[in-house]
Number of protein chains: 2
Amino acid sequence: MGNPAFSAWAAAHPAVTVATFAQAAAESDLIVNATSGSVSIEALRLAGAENLAGKVLVDIANPLDFSQGMPPTLFVKDTDSLGEQIQREFPDAKVVKALNTMNAFLMVDPHQLAGGDHSTFISGNDEDAKKIATSLLEGFGHTDVIDLGDISTARGTEMLLPVWLRLWNALGTPMFNFKIVR
Amino acid sequence: MGNPAFSAWAAAHPAVTVATFAQAAAESDLIVNATSGSVSIEALRLAGAENLAGKVLVDIANPLDFSQGMPPTLFVKDTDSLGEQIQREFPDAKVVKALNTMNAFLMVDPHQLAGGDHSTFISGNDEDAKKIATSLLEGFGHTDVIDLGDISTARGTEMLLPVWLRLWNALGTPMFNFKIVR
């Protein structure tokens with residue numbers, strides 16, 4: 001995909017170290033689930049429920065099912081969501097669904113597009129955890145963080161993926177985002 | 001809901017007449033399916049396949065299932081869509097999915113919000129029909145009509161409804177819309 005080899009990237013970024021899921025989770029105050037949606041719960045089990053308990057867990061994964069080819073479908077939707085599955089599996093973690101509606105470049109640097117004039121969403125059951133997640137997003141440069149409500153509202157943002165994928169195809173670029181005009 | 005009685009509305013709009021589905025479809029060059037999604041195919045059968053054949057059929061319905069309470073779920077999604085169901089049922093109609101991602105006020109008068117600076121989508125198999133639908137939308141004042149592709153891309157726009165409903169709740173108003181920033 002045009003990315004440098006990991007060995008070259010790692011040499012250029014000596015402050016970033018590699019750890020097991022469990023080590024990374026144990027040593028972190030805030031955890032980001034950036035694994036593929038289809039293996040997220042498995043990866044978080046490897047991280048260890050005890051290392052997630054009481055912590056903010058920002059879930060940016062999407063429940064994409066590529067098993068039937070392109071475009072992918074969703075393996076959970078409408079009456080449940082990946083965010084809710086993770087919250088149920090790890091009830092002591094404070095899951096906040098966020099950032100799953102844009103590509104990785106825009107997640108961490110929204111100013112790359114239209115000066116950052118677009119929207120992002122959060123869903124979660126814990127108000128303090130949503131405040132912390134919002135601060136993280138604002139630190140990245142997001143200016144319109146919309147709190148949709150409890151973790152069940154992740155059904156809405158995860159179900160944005162099908163139109164996101166069609167827009168990628170129609171526009172010929174993944175460098176776009178939703179802005180909620182109101 | 002604060003609407004005037006139909007008799008009062010009808011007296012104030014004498015140019016708008018009432019007809020059966022079949023009469024309305026037979027006398028029209030372009031047909032808009034604005035029925036509830038759960039009865040759309042039934043209503044279009046009453047309109048009559050012979051009255052739809054060869055015509056542009058703009059489908060603005062959503063497959064909302066209110067049977068389990070609020071918020072509604074979708075009775076078809078992800079691997080199929082209401083737009084596709086209608087196209088399969090009436091193969092001689094030229095179905096164009098459009099306008100289903102905003103409220104009725106914005107459908108016909110997008111300038112009511114942010115001077116019309118937001119987006120709308122079309123999906124359909126017939127290129128000429130999509131051109132006609134685009135002209136209709138531009139006539140209403142829409143300035144950013146995004147052609148997502150064939151009718152299967154209606155899966156994407158119909159699956160926008162769950163986040164639309166959560167946004168309505170979070171924002172406290174249905175007067176908002178998606179803008180695709182790129």
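In this predicted model, helix 3 (residues 40–47) and helix 5 (residues 82–89) of chain B have axes that come within 10 Å and cross at roughly 30 degrees. The axes are lines fitted to C-alpha atoms over the stretch in contact, and angles run from 0 to 180 degrees between N-to-C directions. Helix 3 of chain B and helix 5 of chain B are therefore roughly parallel to each other, a term for angles under 35 degrees. The crossing of helix 3 of chain B past helix 5 of chain B is right-handed, meaning that the near helix is turned clockwise from the far one by less than a right angle.

Helix 3 of chain B contributes S40(B), I41(B), L44(B) and R45(B) to the contact, and helix 5 of chain B contributes L82(B), Q85(B), I86(B) and E89(B); contact means heavy atoms within 4.5 Å. These residues comprise four nonpolar, two polar and two charged.

In helix 5 of chain B, the buried residues are L82(B), G83(B), E84(B), I86(B) and Q87(B), where buried means under 20% relative accessible area with a 1.4 Å probe, protein chains only. They pack against helix 3, helix 8 (154–158), strand 1 (30–33), strand 2 (56–59) and strand 5 (94–98) of chain B.

The largest nonpolar core has 30 residues, of which L167(A), F178(A), L167(B) and F178(B) touch the most other members. Such a core is a set of buried Ala, Val, Leu, Ile, Met, Phe, Trp, Tyr and Cys residues joined through side-chain atoms within 4.5 Å.

Among the residues touched by F178(B) are F178(A), K179(A) and I180(A), together with W164(B) and L167(B). Helix 9 of chain A buries L161(A), P162(A), V163(A), W164(A), L165(A), R166(A) and L167(A). Just after helix 9 of chain A, G172(A) adopts a positive phi of about 75 degrees.

N51(B) belongs to helix 4 (residues 49–52) of chain B and is buried, with a relative accessible area of 14%. Beyond residues up to four places away in sequence, N51(B) touches A22(B), A25(B), A26(B) and I31(B).

Residues are numbered from 1 along each chain as its sequence is written, and chains are lettered from A in the order in which they are written. Local features need pLDDT of at least 70 and side-chain atom pairs count only at pLDDT 80 or more, whereas totals for chains, interfaces and linings use all residues; side-chain values use heavy atoms, without hydrogens and water.

Definitions and conventions
Helix = DSSP H or I, 4+ residues; strand = E, 2+ residues; numbered from the N terminus. Parallel < 35°, antiparallel > 145°, perpendicular 65-115°, else oblique. Nonpolar A, V, L, I, M, F, W, Y, C, P; charged D, E, K, R; others polar. Buried < 20%, exposed > 50% of the residue type's maximum accessible area, 1.4 Å probe, protein only.
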